[in-house]
Amino acid sequence: MTKIRIFVISLLAVFAASLAAQQMQPLPLDPKVRYGVLENGLTYYIRHNQEPKERAEFHIAQNVGAILEEDHQDGLAHFLEHMAFNGTKNFPDKGIINYFEQQGVKFGYDINAYTSLDETVYRLSNVPTTRAGIIDSALLVMHDWSSFIALQEEEIDNERGVIREEWRTGNNAQRRMWRKSNELRYPGSQYAKRDVIGDTAVINNFTYDALRDYYKKWYRPDQQAIVVVGDIDVDEIENKIKTLFADIPRKENFGERPIYEIENNAEPIVAIVTDPEASQTQLRIDFKKDKLPKELQLSMVGYSMGVVNNLINSVMNERFEEISLQADAPFVGAYSVYTELVKSKDAFINIVVPKEGGELEGFKALAIELEKLKRFGFTNAEVERAKTNMLSSYEKAYNERNNQKSQQLAREYIRHYLSNEPAPGIETEFEMVKMMLPQITAEVVNQVAKAYITDENVIIDVTAPEKETVKVPTKEQLLGAIAEAKNAELTAKAEEEASRPLIAEKPKAGKFGKIKENKEMGTSEVTLKNGIKLIFKPTTFKKDEIRLRAFSEGGLSKVKNIADLPSATMATDIVTSNGIGDFTATELTRALTGKIASASPRIGKYEEDIAGNSSVKDFETMLQLFYLYFTAPRKDDNSFGALMNMYKTVLANAEKNPNKTFSDSVQVTMSGNDPRLVLVNLEMLDKIDQDKAIEIYKERYANPADFTFIFVGNIDPNDKATQDLIETYLGGLKTTKEKESFDKVYNETPKGFVKNYFKREMQTKKASNRILYTGAMPYNINSMVHMNAIGSILNIRYLESIREKEGGSYGVGVGAYAVNEPVEEAAIVMQFDTDPEKQERLMSIIHQEIDEIVKNGPKPEDLQKVKENMLKQYAQDLEQNTWWSGALEIYYKDGINRLKDYKAAVEALTAESIQKTLKQVVDQKNVIEVVMLPEN
Ligand SMILES: [Zn+2]
């Protein structure tokens, strides 16, 4: 407690002393939220919000999780979460999923839940509020999830298989190491024993009562909050909640919900864990801290502590980034964050990813940086930069105060309930931050940051692959490195000079042509004097956002020499990491302090583009970035060296992960062994040439007039100032008359029946499966809509047959689409993991479900659900800048009009048309299966 007091006092010293008492009271909740607690202890948060319109969010947060399980219940908190979708009092069997999917609310997307060690949260999202009775039904689901989950024996037994497969899919090196590491990090604590997914022996054998006991004991109104945010009447919802939840009694006989502690430690705890399939080494130093008491967390003090911690995180990470962008850096990446460690403790967490063979050296470098922080703190310039950035992001959030998404708000209230995070509303937050920041000087930040680095309550943690060339440091070496850092002779970081403008001399402006209105899309079209085509779509969905996307046909298909493809594939990564104009990447980040503007180039198989966005205020900066990406990529041996080191480290052990072997095999097989295919691996890194990459980049972006520029957001093409800026930076680009299209140089998808079954060693035995159906199909809105519907229908089928009936897989991923590059074609792709014993059976079900639709058409109820969901999603999409950006691209590129034709195409879907379309694909008999099985 004393440490907390010192901290609080140091922070309070910042503010006027007379206000201190008030600053220690919980901050009032956002006045736009209706908050209350029922007599039985149930908490609720209700808020009207119209983003999206005619939709609402219904969440229930349970302040309980796997940490509360007894040994014979290991994994049952999560099991219970699954059972909530397998029958409740008012929605027997799959009633919840069925009812809501009929309203277009999709399971796995809009209907979902998660369980962690300390919390369990369920949600129904984007529920259409205009349907009769649907609000009552959503509240009834909350009611049932609160206390009326059926837990029928047959359903419990059916779900054991699903959870077993979820365990299998997730039981990778990372999870295994996390579990072992927790055992060492938290000796004697409950946190050493629980991992959410649980013990498979328990999953297979637990008694029904073990689950029911957990449910009865921990799902109780005094640990639950209902959150409803959306296009609803707040009074009405409040009344309904009061009536509906009145039948749930307060549960007092089970006592307090315990908060499990982790012990303090005087000497550092060292946890070293390795795994044969680990693909990366990570070393970490945590400094455990006591939490503020709940009231303080929710107060002005708690809020300002959060602000200071954010500043510390961002300066530390800026320092790490600057180091790791040097070719001779002692590590490839490092990261610091002050955050909750477990429910009862926070921690200042510092992570480093070393170069292979330089593990100890990387850890030493981390220890040195922490020692520098402790001895010298941050410079004024560093702290001021972080403050400026923070203020701009608050300002942007404030500008968007009327366009906050309901789901985001719901999550904020859940954090208020579960994690004591203040939620006073963005208006108040912006005011507070404006008031606080001038007072939070480098001195204050340093006082707090220095206190984070202590000798006690230290946990050192190493996770690494088992491999000769990985030199895992010993405990003695790790402790030695820290001792060494303490005695090292160090110098403080110097203050840097002020930044310079992005573009010193403005280019010679080129004029706007005549603006043409496109009535069909509500766009304005202009060609600049230099031939660049501009499309404007002014929208009001966001107040402070302008998106810009420039795209052009060509891409990697224009690279003739196969030997150049590795360089071409990495070209945009190299250019981005080298910086642009006269700026290294680090200098560029500095020059952009306080600005909200970005641009990033990407070269795909058949096109290249630059995508960016900005606040209204920083529109010019975004245009400058576009200008520089077109005109001034730079060579930088230092950055290039650092980037290659980073890739080398990431890829050195990538092959140890069975999932990497599988995805490489999938790519090779599906490309028909295309010699142009570039697999990202160590071998490929050796073939990258910086000069070549920059040369290819310049070639791809040589003629801006071959690009179409689409502006979406708060922009007016008739505004003189906007036109001036565009004329300067885009009109000022040099162009040519050359037009490009892509080349058909890649293999087409292999025809006929192709099977690639292979084996490899693995720690957790599983079969990984990928299936691809393809067939020629004309590219138009009907094909697109039909294929998307087929994908969603199959998704429903596999959920029922493979997941629920067979308990055979955690889930089958399905995608189905129509494309026109390189040829007009339809594709359906499925992927799933399963028990090797069941592989053959499940593979046959995959094909059977498709054959069934070809033979008899889809089930009418499946089709109806899918149509509802597509129409509901479409209505939401129409209010998104990102959707418009994509829709305008395919309109101007391919002549497909989603705005005019999509809804009609969905409404026209019939069982017969689906059947016919799928038959057309299946009849062409092009099926690829790639399957990876365990060795022996
Ligand atoms: Zn699960």
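**Close-up views of a predicted model**

View 1. The zinc ion is held by H78 (NE2), H82 (NE2), E166 (OE) and E166 (OE), at 2.1 to 2.5 Å. Donors here are N, O and S atoms within 2.8 Å of the metal (3.2 Å for Na, K and Ca), and sites may look incomplete because water is not among the atoms. This is a predicted model, in which local features need pLDDT of at least 70, side-chain atom pairs count only at pLDDT 80 or more, and totals for chains, interfaces and linings use all residues. Residues are numbered from 1 along each chain as its sequence is written, and side-chain values use heavy atoms, leaving out hydrogens and water.

View 2. Along the sequence, the zinc donors follow the spacing H-x3-H-x83-E. H78 sits in helix α3 (residues 76-83) and E166 in helix α6 (residues 153-170), so this pair ties together parts 88 residues apart in sequence. Helices (H or I, at least four residues) and strands (E, at least two) are DSSP runs, numbered from the N terminus. H78 is buried at 6% relative accessibility, and E166 is buried at 17%; buried means under 20% relative accessible area, exposed over 50%, and partly exposed in between (1.4 Å probe, protein chains only).

**View 3. Strand β3 and its partners.** In β3 (residues 55-62), eight of eight residues are buried. Seven bridges join β3 to antiparallel strand β5 (residues 120-128), where A61 has V121 as its bridge partner. Seven bridges also join β3 to antiparallel β6 (residues 224-230), with I60 opposite I226. Strands pair if DSSP finds at least two bridges between them.
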